[in-house]
Amino acid sequence: MDDLTTDLGAYLRARRDRLRPQDHGFETGRGRRVRGLRRQEVAELAGISADYYLRLEQGKDRRPSAQVLASLARTFGLDADGREHLFRLAGQVGPRPRTAVSPSSGTDGQGGDPGAIRGGAVDLTSMLSSWSTIPAYVVDRHHDLVAANDLGRMLLPAGCAPGANVLEEVVRRADRETDERHRAAWDRTVADMTAALRFHAEPGAPRLDELVERLASRSRTFRRVWEDHEARPLREGWAPVEVEPFGCVTFRWQTLEVSGGEHFLSSFSGPPGSAAAATVEYLRARHQVEVRLREDAILDAWRSVPVWSGGTESSRVWVP
């Protein structure tokens, strides 16, 4: 049995468990031993046979029609994202075409030099580097970091280099949080990123299996959201970010899909006058100081290089 049909059955069971009998005109009582609706009740609402629905949950039917899927989507009350996810699991929407990228771009989730990340006419690396006032970074469908601009690197967890998994780093940071308010915000971030992983990742991919096994053992929030089959893309919201020396600062984030569904660009900002906006200004100033210090260090080193003339060392080079 392939991974798509296995995931389709698990997704249908998870959605069925979340339906309340009283909301759909079914009686509740001691004889009900299931958490949500019974299979035959879902089949009745969707207008399909109970036997056929059982086959879908068991993964024995690999290609339900678009009409059946649309009826199930209505029965489960799925939004546009949930509907897209259901159709993809049923094979009605094929895997998104993989964009031709440089072999060194690190899009296999194993890291690499992100110097030539391209999707069609879009050069993500050049675009990121031109954003000098907005922290931003790019991940792949598994939340593996592909590239970041200078301000984005200053917001990412320490040591989060291309190839590292941003969701894993967020889980580690959430585990260290002792403030209950901030912990709740970190847990929401983990939940949102977990649902996006379910929505975008290719079922059965070795990288996905590896991440799920590792994260499920580390995070109760990840485990709960993954087991509930929550699936939705990241679009926008608010999330805590740890910025030294300020501690946790709440930023507004926005995520855009680029490069044919292979990469996702997230940017961070704050309303004028907010702590987040002031933090970005601080990071910009700090970065400019660091750049100038590096330039001065290079210049000082160059000034100290002796000049050789005719096999003998002459005076040092003088630079105004």
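## The largest pocket

Keep in mind that this is a predicted model. Its largest pocket has a volume of about 690 Å³. Of the 35 residues lining that pocket, Leu155, Pro157, Val170, Trp186 and Val241 sit closest to its centre. By type, the lining splits into 21 nonpolar, 5 polar and 9 charged residues.

Strand 5 (236-243) gives the most, with 7 residues. Among the other elements that supply at least two residues each are strand 3 (136-140), helix 7 (150-155), helix 9 (180-200) and helix 12 (275-303). Helix 8 is on that list too, and Val170, one of the residues closest to the pocket centre, belongs to the buried part of helix 8.

## Helix 8

Helix 8 runs over residues 166-176 and is mostly covered, with 8 of its 11 residues buried. The buried set includes Val166, Leu167, Val171 and Ala174, but also the charged Glu168, Glu169 and Arg173.

## Threonine 194

Over in helix 9 you'll find threonine 194. Is it buried or exposed? Threonine 194 counts as buried, because its relative accessibility is 0% and the cut-off for buried is under 20%.

The side chain of threonine 194 reaches the backbone oxygen of valine 190 at 2.7 Å. Leaving out residues up to four places away in sequence, threonine 194 touches Leu167, Phe222, Val225 and Trp226.

Terms used: Residues numbered from 1 in each chain as written. Predicted model: local features only at pLDDT ≥ 70, side-chain atom pairs only at ≥ 80, totals over all residues. Heavy atoms only, no water. Buried < 20%, exposed > 50% of the residue type's maximum accessible area, 1.4 Å probe, protein only. Helix = DSSP H or I, 4+ residues; strand = E, 2+ residues; numbered from the N terminus. 1 Å grid on protein atoms, 1.4 Å probe; cavity = no way out; pocket = protein on both sides within 12 Å on 5 of 7 lines; lining within 4 Å. Points joined across faces, edges and corners; volume = space filled by probe spheres on them. Polar contact = N/O pair within 3.5 Å; in protein donor to acceptor, adjacent residues only side chain to side chain. Contact = heavy atoms within 4.5 Å.
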